[in-house]
Amino acid sequence: AEECQAQLRQLQADLVAFEQKYQRSSAEFYQQFQAGQTSDEMDYVEWASLVQMANNLEKRLRLLRGEAEA
């Protein structure tokens, strides 16, 4: 769980950098990306990957802590 938490903190720092660069939240961006409303430029592909990895780590942490799925 400690390792997952450390990885998640790093991913969140990376996400904040993209949010500041593009002036929108990762949640807003990811919704637009999923709907095909963004270009396929490399930054967007990387940002979407980081969002997915962070979501997966959050799910793993909830499982490790015995929390129910939200």
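Predicted model: local features only at pLDDT ≥ 70, side-chain atom pairs only at ≥ 80, totals over all residues.
The protein chain has three helices and zero strands, and its elements run α-α-α from the N terminus on.

**The chain as a whole**

- Along its principal axes, the C-alpha trace of the protein chain spans about 40 × 20 × 15 Å.
- Of the 70 residues in the protein chain, 27% are buried.
- The protein chain exposes about 4800 Å² of surface, and carbon and sulfur atoms supply 48% of that area.
- If you take the contacts in the protein chain with a separation of 6 or more, 50% of them come from residues 24 or more positions apart.
- There are 7 positive and 12 negative side chains in the protein chain, and the centres of these two sets lie 4 Å apart.

**Helix 2 and its two sides**

- Helix 2 covers residues 26–34, and its buried residues are Ser 26, Phe 29 and Tyr 30.
- Looking down the axis of helix 2, you would find these buried residues within an arc of 95°, so they line one face of the helix.
- Here is a handy idea to keep in mind: an α-helix has 3.6 residues a turn, so residues three or four places apart point the same way.
- The buried residues of helix 2 pack against helix 1 (2–22) and helix 3.
- On the other side of helix 2, Ala 27 and Gln 31 are exposed.

**Aromatic rings**

- The protein chain has six aromatic pairs.
- One of them joins Phe 29 and Tyr 44 in a tilted arrangement, with 5.5 Å from centre to centre and 40° between the planes.
- Phe 29 belongs to helix 2 and Tyr 44 to helix 3, so this pair ties together parts that are 15 residues apart in sequence.
- Phe 29 and Tyr 44 are each buried.
- Phe 29 also pairs with Trp 47, and this pair is stacked, with 3.9 Å from centre to centre and 0° between the planes.
- Trp 47 is buried, as is Phe 29.
- Phe 29, Tyr 44 and Trp 47 belong to one aromatic cluster, together with Phe 18, Tyr 22 and Phe 33.

**The loop between helix 2 and helix 3**

- Helix 2 is followed by Gly 36, which has a positive phi near 75°.
- Thr 38 lies in the loop between helix 2 and helix 3, and helix 3 covers residues 42–64.
- Is Thr 38 buried or exposed? Its relative accessibility is 15%, and because buried means under 20%, Thr 38 counts as buried.
- Leaving out residues up to four places away in sequence, Thr 38 touches Arg 24, Phe 29, Gln 32, Phe 33 and Tyr 44.
- Among those partners of Thr 38 are Phe 29, Phe 33 and Tyr 44, which are also members of the aromatic cluster.
- Asp 40 lies in the loop between helix 2 and helix 3 too.
- Asp 40 has a relative accessibility of 66%, and because exposed means over 50%, Asp 40 counts as exposed.
- From C-alpha to C-alpha, Asp 40 and Asn 55 are 21 Å apart in space, while in sequence they are 15 residues apart.

Technical notes
Residues numbered from 1 in each chain as written. Heavy atoms only, no water. Helix = DSSP H or I, 4+ residues; strand = E, 2+ residues; numbered from the N terminus. Buried < 20%, exposed > 50% of the residue type's maximum accessible area, 1.4 Å probe, protein only. Contact = heavy atoms within 4.5 Å. Areas by Shrake-Rupley, 256 points an atom, 1.4 Å probe, with all protein chains shown as cover. Lys, Arg positive; Asp, Glu negative; His and termini not counted. Charge placed at Lys NZ, Arg CZ, Asp CG, Glu CD. Arc of directions from axis to C-beta. Phe/Tyr/Trp six-rings, centres within 6.5 Å; stacked < 30°, edge-to-face > 60°.
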